[in-house]
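This report describes selected local features of one protein chain. The sequence and coordinates are shown first, and the discussion follows.

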Amino acid sequence: MDATPDIATIASLIGDRARATILMSLMDGRALTATELARAARVTKQTTSSHLSKLVGARLVAVESVGRHRYFRLTDHDVGTVIEDLVGLADRVGAIQVDSGPLDPALRKARVCYDHLAGEFGVLVFDSLKQQGLLRTGGKALVLTKEGERFCRDLGIDTAALKRGRRPLCLACLDWSARRHHLAGALGAAILNRFFALGWARLHKRTRVVLFPAAGERSLRARFSLR
């Protein structure tokens, strides 16, 4: 008998609104407590504990104990990619929950998609890398060119070390707000981390918003030749 992946079980777990909110709350890559996730999902701590138990059991969420506290995060970037793709699909088919707060424009400008840069700035960076010949596409493949490797080294990124990891170096991730691609994979994560290390950007407290101060945005535009 052939083994068939049981996508129905995964879909039913993600399909619950509270669990979907919990997963979305973890999309900025931070580890959060059950109390913080209960607040985000607007359900009781007891209900949140039940949801988290199911998500951990399905290996969609990982848990780490630090002293008396337990912290939850998405298991890996594959889970984050699936959630972001579902957000894009929901946007395209009009399945939108009306909850437009003041951070909505900021989310569209620059945000974390699990561990890489998304939003308008993420798309601009991706387009710039391609236009400069630093990234080359061929079919579904996305390849960092020799010029791209030099560019990354100048930025302070060790691409050789990234290639030794198990994670794909370059992936194109469809951006739900811009409807175009941004850069994911090990390189996408490394570039965003470099932006943080250089002080060009910072993560807005308790949100997925990536803020670029004026000086940081000027540096970003100059380095990536953004208009």
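Two strands pair if DSSP finds at least two bridges between them. The model discussed here is predicted.

**Hairpin of strands 7 and 8**

Strand 7 covers residues 171–174 and strand 8 covers residues 181–184; four bridges join these strands in the antiparallel sense. Leu174 has His181, in strand 8, as its bridge partner. Six residues lie between the strands of this hairpin, and Arg179 adopts a positive phi near 60° there.

**Nonpolar surface patch**

On the surface, a nonpolar patch is formed by Val82, Leu86, Leu89 and Val93, and their accessible area together is about 340 Å². One of these residues, Leu86, belongs to helix 5, which spans residues 77–93.

**Surroundings of Arg30**

Arg30 is located in the loop that runs between helix 2 (17–25) and helix 3 (34–41). Leaving aside residues up to four places away in sequence, Arg30 touches Phe72, Arg73, Leu203, Arg206 and Thr207. Tyr71 is 41 residues from Arg30 in sequence, while the C-alpha to C-alpha separation in space is 9.2 Å.

**Accessibility of two residues**

| Residue | Relative accessible area | Class |
|---|---|---|
| Leu86 | 39% | partly exposed |
| Arg30 | 27% | partly exposed |

Why does Leu86 count as partly exposed? Buried means under 20% relative accessible area and exposed means over 50%; Leu86, at 39%, is therefore partly exposed. Arg30 is likewise classed as partly exposed because its relative accessibility is 27%.

Technical notes
Residues numbered from 1 in each chain as written. Predicted model: local features only at pLDDT ≥ 70, side-chain atom pairs only at ≥ 80, totals over all residues. Heavy atoms only, no water. Helix = DSSP H or I, 4+ residues; strand = E, 2+ residues; numbered from the N terminus. Patch = residues over 30% accessible without salt bridge, like charges linked within 9 Å, V, L, I, M, F, W, Y side chains within 5 Å. Areas by Shrake-Rupley, 256 points an atom, 1.4 Å probe, with all protein chains shown as cover. Salt bridge = Lys/Arg side-chain N within 4 Å of Asp/Glu carboxyl O. Buried < 20%, exposed > 50% of the residue type's maximum accessible area, 1.4 Å probe, protein only. Contact = heavy atoms within 4.5 Å.
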